[in-house]
Amino acid sequence: MNTSVYTPRIQQDETLYSYIARCHLLWGGSNHRQTSMDFFGRKGVCLNQCLPTEVSNIAKHADYPVDYLLSKHTFLPLFDLMSANSSDLKQAMLRCGGYTLANASGVSQLGKADLINSKFCSKCIKADLEKIGVGYWHLMHQFPGIKCCHIHGCCLVERKINPRVYELPELPKNEKLTLSPEIQKSFAKYVVSMAIEAEVGNSIDVPLVSANRIDALFRKGGHIDMQGLLFLIKSIEVGLGLPRLLNESCVRNILNDETHNAHPLKKLLLRFVIGFIPESHPALDESRTNGLELANREARCLKLLQEYHFSMREISRRVNISVSAIKSLAKRHHIRLDERRQFITADMEKQVVQEAIDGQHRSDIAIKHEISVGAVEQIIESVAGLSLWRQYLRMYDKRNEMREELTDTLKRFPNASRKAIRSHANRSYIWLFKFDKKWLNKALPHKQPYQYHGYKLWVKRDDEFLPKLTSFLKDQIKNTSAAPTLKAVDKFFGSHGWFTRSIEKLPRCKTAYEVFIKDFHKQI
């Protein structure tokens with residue numbers, strides 16, 4: 001079938017994987033391998049949402065220019081803006097180079113498979129349904145690290161899909177929309193703005209560290225304030241719900257050379273973090289008095305105290321002022337300091353034990369009673385069996401989490417087999433198989449009894465071989481004037497043993513062979 005006649009128009013901000021899935025749906029196809037064969041000439045083509053391969057074949061069948069699809073419906077422009085080997089990446093996307101694509105894009109540098117799950121916004125899907133009657137995957141939702149819709153500001157729904165099975169997003173039942181934190185909204189809008197700039201073809205003229213932030217980022221000796229920067233990076237990564245992506249080595253490499261080969265998410269995240277560094281005031285003239293310098297340091301110290309993000313020792317190191325001076329400044333301005341207790345009373349110890357029995361986290365207990373986490377651990381270890389009880393509670397919570405995850409999967413796929421359920425919820429399936437196998441066997445659908453269908457194959461084989469066998473026997477009599485043996489017949493059909501060991505399973509061929517041999521001997 002010439003699929004180019006039946007291909008629909010690609011939608012704005014639609015991924016190429018979503019476009020193939022929508023074609024599969026509109027054609028009424030039930031076999032994803034056949035859809036892959038129609039588009040790419042081979043079965044089981046794996047398509048990535050952000051950087052798909054086989055773009056040249058998609059452009060050929062969809063009647064779009066290749067450069068249009070690459071610039072409007074992939075993240076190649078953004079990778080081109082942030083990477084030094086974009087030409088290799090483009091060549092890998094045009095052909096079927098999966099391994100080359102992984103190396104050129106640097107996706108292995110992320111180290112977390114959860115970052116590349118497919119995502120969709122429920123409000124966007126509803127808008128798509130009203131507009132064209134079907135929801136599709138939006139490109140701007142698929143960039144790693146984005147967990148918020150930049151249009152509606154709600155959390156994205158993550159789905160782990162098979163890149164070889166072309167599926168469209170489905171609205172979950174009874175899904176409650178939750179608003180994302182402001183920092184996630186800001187990061188999503190920042191990434192989208194950078195992607196739009198890259199799509200237009202603009203270059204990044206703004207340096208990674210602007211001149212008005214150099215004083216805040218670097219110390220007087222010219223060395224970078226790495227500990228403070230890493231602390232800020234970690235805080236923002238926690239706010240964005242991301243794993244640890246930027247370590248000290250990676251940050252130094254990017255700051256020293258912006259063309260350093262790193263995943264664009266790391267470079268965008270570092271630019272986003274540096275944007276939070278407050279702009280420092282111009283350097284004071286050397287002729288200023290020491291009193292003015294001290295007032296400036298006290299003002300900076302007061303600002304850091306009011307943010308409640310840094311410890312007193314960290315503020316002391318940043319502002320070059322003693323801890324006792326910080327305490328005195330905080331008392332003058334009535335700012336509460338996080339000071340640890342010097343002793344623990346018996347009543348406090350009793351409350352800590354009770355909260356530990358209830359399963360509260362050690363850090364929460366420590367913050368509540370204004371003691372260290374180590375002190376909480378010592379109290380827990382002093383009570384016999386309490387540590388084991390807390391392990392049981394964690395195991396109990398983990399079991400409930402895994403059960404809930406598998407139950408949601410069973411509701412989403414009510415008619416799926418056990419093998420399909422495991423592919424959709426592999427993490428929970430394996431955990432329950434190890435630690436809660438009895439419940440797992442009750443929750444999963446019943447095993448289907450094995451049925452032998454081999455006889456159907458032999459019936460089909462018998463019908464297909466009969467005309468070939470008749471023609472072969474006639475040719476042999478004509479050319480050699482001798483009746484061929486069953487071994488010779490089997491050799492003609494590939495030496496599979498069908499006519500020597502399993503001739504009883506081919507009754508029509510057996511009867512035809514016997515009748516032919518009998519007539520041949522009569523003629524002699």
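Buried here means under 20% relative accessible area.

**View 1. Overall fold of the predicted model.** The structure shown is a predicted model. The protein contains 26 helices and two strands. Of its 524 residues, 40% are buried. Among contacts between residues at least 6 apart in sequence, 63% join residues at least 24 apart.

View 2. Helix α1 spans residues 16-26. Because nine of its eleven residues are buried, helix α1 is largely enclosed by the rest of the structure.

View 3. G28 follows α1. The phi angle of G28 is positive, near 70°.

**View 4. Cysteines C149 and C124.** The cysteine sulfur closest to that of C149 belongs to C124, at 3.7 Å. A disulfide requires the two sulfur atoms to be within 2.5 Å, so this pair is too far apart for a bond. The count for the protein is zero disulfides. C149 is buried, with a relative accessible area of 1%.

**View 5. Cysteine C301.** C301 has a relative accessible area of 0%. C301 is therefore buried, as this value is under the 20% cut-off.

How values were computed
Residues are numbered from 1 along each chain as its sequence is written. This is a predicted model: local features need pLDDT of at least 70, side-chain atom pairs count only at pLDDT 80 or more; totals for chains, interfaces and linings use all residues. Side-chain values use heavy atoms; hydrogens and water are left out. Helices (H or I, at least four residues) and strands (E, at least two) are DSSP runs, numbered from the N terminus. Buried means under 20% relative accessible area, exposed over 50%, partly exposed in between (1.4 Å probe, protein chains only). Contact means heavy atoms within 4.5 Å.
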